[in-house]
Amino acid sequence: EIYARLEKKTRRLADTARTVWGDRADVVRIGSLMSIHPKGDDAQSVFAHWYSHLLDRGIYVAPSRFEAMFVSDAHTESDIDKTCEVMSAY
């Protein structure tokens, strides 16, 4: 049951990230792990700007585009809602 919950939460986050980034990044998700890989020559600065956008709004994600993000069962539906909302506002 826990794996199904994790899968659902992470899928929501990845789907939101795919919508926000479009073809400007690859969003990879496997189970409760996900990562975002911006494309292009300015990928590092684009990721840094996105990371700061989230961090300034209380959302903590992996600080490097080379790291994976982990969703846990401790993340509530409210946490996921807020994260999706902040990502969508980018």
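# A guided tour from pocket to core

Select strand 3 (69–70) and helix 3 to begin: each supplies at least two residues of the lining of the largest pocket. Helices (H or I, at least four residues) and strands (E, at least two) are DSSP runs, numbered from the N terminus. The model is predicted, so local features need pLDDT of at least 70 and side-chain atom pairs count only at pLDDT 80 or more, while totals for chains, interfaces and linings use all residues. Residues are numbered from 1 along each chain as its sequence is written, and side-chain values use heavy atoms, with hydrogens and water left out.

**The pocket**

Remain at the largest pocket, which holds about 270 Å³ of space. Next, select L13, Y60, V61, H75 and T83, the closest to its centre of the 16 residues that line it. A pocket is an open set of points on a 1 Å grid over the protein atoms alone, where a 1.4 Å probe fits, with protein on both sides within 12 Å along at least five of seven lines; lining residues have an atom within 4 Å of a point. Helix 3 gives the most to this lining, with 4 residues. By type, the lining divides into 12 nonpolar, 3 polar and 1 charged.

**The core**

Now select M34, I36 and W50, the residues with the most contacts inside the largest nonpolar core, which has 23 residues. Such a core is a set of buried Ala, Val, Leu, Ile, Met, Phe, Trp, Tyr and Cys residues joined through side-chain atoms within 4.5 Å. Helix 1, strand 1 (25–30), strand 2 (33–38), helix 2 (43–55) and helix 3 (77–88) each supply at least two residues of this core. The largest share, 6 residues, comes from helix 1.

Centre the view on W50: not counting residues up to four places away in sequence, W50 touches W21, I36, V61, M69, M87 and Y90. Contact means heavy atoms within 4.5 Å.

**T10 in helix 1**

Move to T10, which lies in helix 1 (residues 2–21). T10 counts as buried because its relative accessibility is 0%; buried means under 20% relative accessible area, exposed over 50%, and partly exposed in between (1.4 Å probe, protein chains only). The side chain of T10 reaches the backbone oxygen of L6 at 2.8 Å. Leaving aside neighbours within four places in sequence, T10 is in contact with R29, G31, S32, L33, M34 and V71.

**L55 in helix 2**

Finish at L55, found in helix 2. L55 counts as partly exposed because its relative accessibility is 30%.

Methods:
Polar contact = N/O pair within 3.5 Å; in protein donor to acceptor, adjacent residues only side chain to side chain. Points joined across faces, edges and corners; volume = space filled by probe spheres on them. Nonpolar A, V, L, I, M, F, W, Y, C, P; charged D, E, K, R; others polar.
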